[in-house]
Amino acid sequence: MNAELMVRRGVLAIAFAGLLAGGAFAQSQDPTPQQQDIKNDKKDIRNDKKDLAKDRADRNADQRDINHDKRDLSKDRADRNADQKDINHDRADLNKDRVDRNKDQRDINHDKNQLARDDQKYGANSAQAQADRKDLRADRVDRNKDQRDINHDRKDLNKDRADRNADQRDINHDKKDLAKDRTDRNKDQKDINKDKKDLHKDRKDLRKDKRGR
């Protein structure tokens with residue numbers, strides 16, 4: 001009877017020890033609220049650092065785009081200004097050639113009148129008439145050359161105007177790109193500032209949780 005009682009007590013003792021061990025194991029598996037908070041804080045900090053790194057990369061990329069836009073804008077403005085100088089030069093050439101052409105036309109008209117008078121006065125084969133015809137031919141050559149110069153100046157003027165207009169469109173496009181990239185850069189900077197605040201807050205929470213609040 002004593003042996004049976006001892007066996008029962010031994011079985012009960014083993015069972016109780018098993019229950020205690022199981023409870024301790026279960027307790028060790030389930031983190032405390034403080035441990036869970038610390039774990040969550042560390043996770044938040046890791047996420048904050050990732051967000052911060054990404055936003056900084058975006059901000060830096062936008063800044064590079066801004067610098068590129070500024071260079072493009074400066075180049076296109078220089079091209080536009082050079083085209084405008086060409087236009088002004090073309091206009092001056094065109095005006096000069098028109099003046100020359102008009103002068104040559106007046107000389108032609110004068111030579112025609114002089115030739116008609118000399119033909120009538122001295123005869124068609126006279127030295128005076130021959131000299132008038134020579135002057136008339138020379139003035140016509142000059143007038144035709146001036147007209148070709150005018151036509152050439154007009155082509156140059158039209159081309160330079162087209163180039164100037166294309167450069168102006170590029171300038172307008174560069175301004176839009178620059179404004180957009182600046183907006184993106186400013187937004188990324190705001191995100192960076194927010195990420196820094198979040199990181200600071202999560203680090204503060206972690207310190208509190210480690211101290212057990």
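Charge and helices in a predicted model

Me: Which helix gives the largest share of the positive patch?
Reply: In this predicted model, helix H2, covering residues 33-122, contributes the largest share of the positive patch, namely five residues.

Me: And which residues gather in that patch of positive charge?
Reply: The patch lies on the surface and brings together Lys39, Lys42, Lys43, Arg46, Lys50 and Lys210.

Me: Take Lys50. Where is it found?
Reply: Lys50 belongs to helix H2.

Me: Does Lys50 count as buried or exposed, and why?
Reply: Lys50 counts as exposed because its relative accessibility is 58%, and the term exposed applies over 50%.

Me: Changing topic: how many helices and strands does the chain have?
Reply: There are three helices and zero strands. Read from the N terminus, the order of elements is α-α-α.

Me: What share of the residues counts as buried?
Reply: The chain has 213 residues, and 21% of them count as buried.

Me: How far apart are the C-alpha atoms of Ala129 and Ala116?
Reply: The distance between those C-alpha atoms is 8.2 Å, while Ala129 and Ala116 are 13 residues apart along the chain.

Me: Back to charges. How many salt bridges does the structure hold?
Reply: The structure has 11 salt bridges. As a general point, side chains of opposite charge can pair when their charged atoms come close.

Me: Which residue forms a salt bridge with Arg133?
Reply: The partner of Arg133 is Asp119, and their closest N and O atoms are 3.4 Å apart. This pair links distant parts of the chain, with Arg133 in helix H3 (residues 127-210) and Asp119 in helix H2, 14 residues apart.

Me: How accessible are the two partners, starting with Arg133?
Reply: Arg133 has a relative accessible area of 24% and is therefore partly exposed. Asp119 also counts as partly exposed, because its relative accessibility is 25%.

Me: What about Lys145 and Asp149: what is the N to O distance in their salt bridge?
Reply: The side chains of Lys145 and Asp149 meet with an N to O distance of 3.3 Å.

Me: Why are Lys145 and Asp149 separated by about one helical turn?
Reply: The reason is their spacing: Lys145 and Asp149 are four residues apart in helix H3, so about one helical turn separates them. Lys145 is partly exposed at 43% relative accessibility, and Asp149 is partly exposed at 24%.

Me: Which helix holds Lys194 and Asp198?
Reply: Both residues lie in helix H3, where they are four residues apart, about one turn of the helix. Asp198 has 24% relative accessibility and counts as partly exposed.

Me: H3 keeps coming up. What span should its 84 residues have?
Reply: At 1.5 Å a residue, the 84 residues of H3 should span 124 Å. The end C-alpha atoms of H3 are 122 Å apart, which agrees with that expectation.

Me: Last one: which residue with positive phi follows H3?
Reply: Gly212 follows H3, and the phi angle of Gly212 is positive, near 75°.

Technical notes: Residues numbered from 1 in each chain as written. Predicted model: local features only at pLDDT ≥ 70, side-chain atom pairs only at ≥ 80, totals over all residues. Heavy atoms only, no water. Patch = residues over 30% accessible without salt bridge, like charges linked within 9 Å, V, L, I, M, F, W, Y side chains within 5 Å. Areas by Shrake-Rupley, 256 points an atom, 1.4 Å probe, with all protein chains shown as cover. Salt bridge = Lys/Arg side-chain N within 4 Å of Asp/Glu carboxyl O. Lys, Arg positive; Asp, Glu negative; His and termini not counted. Charge placed at Lys NZ, Arg CZ, Asp CG, Glu CD. Helix = DSSP H or I, 4+ residues; strand = E, 2+ residues; numbered from the N terminus. Buried < 20%, exposed > 50% of the residue type's maximum accessible area, 1.4 Å probe, protein only. Expected span 1.5 Å × (residues − 1).
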